[in-house]
Every structure is written in structure tokens, then in C-alpha cells.
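Please read the report below alongside the sequence and the coordinates.

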Amino acid sequence: MSGDSPRKRCFRWGRFAIIAIPLAWLTMFFAAPFLFVIKISLSQAAQQRPPYEPVFDLSAGWHAFIEKLGELSFSSYWSLLDDTLYLDSYIGSLRLAGLATILGLVVAYPLALSMARAPRSWRPALIALAIAPFWTSFLIRVYAWITILKDEGLLNHALLSLGVISEPLHIFATDWAVLIGIVYSYMPFLILPIYNAIDRQDPSLVEAARDLGATGVQAFWQVTLPLSLPGVMAGALLLFIPAVGEFVVPDLLGGSDTLMIGRTLWNEFFANRDWPVASAVAIVMLVLLLIPLALYERNETRSMEPRL
């Protein structure tokens, strides 16, 4: 080791830094807060600050620390099973997030396909238009949909003026408004991965399919769509995962009967001030979201394995 050249030592330290810096970042800003939330979920609610106990005091010594560990329990997790509100919130979040993902794919795939098939000189402008909503505050964009979807809003006013409908459509404060808000808010996350997957395809593959007698539709179903599925899956996850825990959209566009785990989580934290139960809700939600991520990672690993 002592005989290594300065260049080798520099390379070794550079490789260590490449690994250590992201690992330290994840430890500080993900692992440590996550462990703290787990600890709160195992605590008991209390009328104090912080609103849970036990609170660890390392200055009290190791014996006191071990004694406090014995006060932790899973009662907050068991309470989630006693009240159907939490189960209904999880089911409502998964249902609305799933529907929003499907609806988003129906809209995003044709847009991404059109962008990938457009002349190359147009594509930078089309990509800029696709991400243009991100140039405006998320909250302002959601508030804009209130103006559009309300009974006396722009959408009903336009439809009534055109004679398409005879009475206003009741969309605001319903699940449909939440779906529209989620799909619109996260649409760029769907479009860009799909566009990238289609843009990377070799055009000669479609030409070969056409030369072999396939129609344009057959070439799309047998060549373009299968090769773009990794982008479809990536985009679907990028919409589905944040949509499950969404709070702003259902709070502003949803009705009182719109149950999503983000609203339930907020109520437990700030209205009921039951931090242990709220933390348990967050932990269970995270576990639910890890399942599709694990399945996606497993599928990607299998697809990259050499086929014998």
C-alpha cells in the first residue's frame, strides 16, 4: 500500500468519495429521519412537547436508555386495525392513484409518441412545452383547476355557451376532480420516460416489420409498444408513488368523502396531534410503496440478465 503511486492513491480516494458521499447523503437525509419516524411510531401519545413518550435523553446514561427502550410498543400499529378509517384511506389512495396512472398513460403515451415521431428540430420545443407546467408553482396550478372545475367555473361556462350541456356538470369536490388534478400535476413525469424509451428505438426495426408485411398498427403493437414498456413502467411509478401520498390535490379539489392517506396523515399529525399513530400510518404507506418498487427492480434485473 505504501508503494502505491500518487495516481493510484488519488484514484482510490476518488472511488471512495464517489461511494461515500451519496451514502452519507442518504444516511443523513433518509435513513436517520426514517429511523426517527419508526421510533415515534413505537411511542405513546402524550400531552407534552414533543407530543409522545418515551423521549430519549442520552445524558441520563446507558441504563436509562435501555429502560426507555422497554417502553416502546406496537400499539400504534394495532390501532390502525381497530379503525376502518385507515384501511379505507389506504384503499382510497391506491384506487385513485391507480386510476390516475391508467388515465395518465392513456393521455401521455400518444403525446410522447407524437413527440418522438416529430421532426428532430421540433423536439426541444416540444419537450419544453411538456415540462412547462413545472415552471409554475404546484399550488397555483391546483388552485387554477378550482376555477376551471367549479359549477360556475370556466369549463361549465364554456360547455353551456356551446350548448353541449343543459346544466352545469358537478365535477369539483369529487374524485373526478382529484383524478384530473393528479394527472395534470404529474403528467411530465409520465411523458418524458416514455418519450425517451421511444426515441431510443432503432427506426429500422419498424421498417423491417413493415417490409415483412406488418401494417402500421401491427408494427406499433409488436415493435414500438413492447420496446417502450420500460419507459411506461418508469413513468407509471413516477406518477403512482407520489399520487398515493398526495395531500394538496385531494384537499383542494376533493370532497369531504374523498379518503386518501395524505389527508388522514395530516389530520393525525396536526389536528389530533397523535404523532405515534401518524408515524405508523406513514411507515405502513412507505411499505406499501416499496412493493411496486421492488417488483419493478426485480423485473429490470431479470430483463438485464443474459438469456441462454
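## Basis

This is a predicted model, in which local features need pLDDT of at least 70, side-chain atom pairs count only at pLDDT 80 or more, and totals for chains, interfaces and linings use all residues. Residues are numbered from 1 along each chain as its sequence is written, and side-chain values use heavy atoms, with hydrogens and water left out.

## Ser 89 in H4

Ser 89 belongs to helix H4 (residues 84-117); helices are DSSP runs of H or I with at least four residues, numbered from the N terminus. Ser 89 counts as buried because its relative accessibility is 0% (buried means under 20% relative accessible area, with a 1.4 Å probe and protein chains only).

The side chain of Ser 89 makes a polar contact of 2.7 Å with that of Thr 264 (a pair of N or O atoms within 3.5 Å, one able to donate a hydrogen and the other to accept it; residues adjacent in sequence count only if both atoms are side-chain atoms). Beyond four places in sequence, Ser 89 is in contact (heavy atoms within 4.5 Å) with Leu 259, Met 260, Ile 261 and Thr 264.

## Ser 76 in H3

Helix H3 (residues 75-82) contains Ser 76, which is buried because its relative accessibility is 5%. Residues up to four places away aside, Ser 76 touches Ser 41, Ser 43, Pro 276, Val 277 and Ala 280. The C-alpha atoms of Ser 76 and Gln 44 are 7.6 Å apart, with the two residues 32 residues apart along the chain.

## H4 against H10

The axes of H4 and helix H10 (residues 216-244) lie 9 Å apart at an angle of about 135 degrees (axes are lines fitted to C-alpha atoms over the stretch in contact, and angles run from 0 to 180 degrees between N-to-C directions).

Conventions:
Helix = DSSP H or I, 4+ residues; strand = E, 2+ residues; numbered from the N terminus. Buried < 20%, exposed > 50% of the residue type's maximum accessible area, 1.4 Å probe, protein only.
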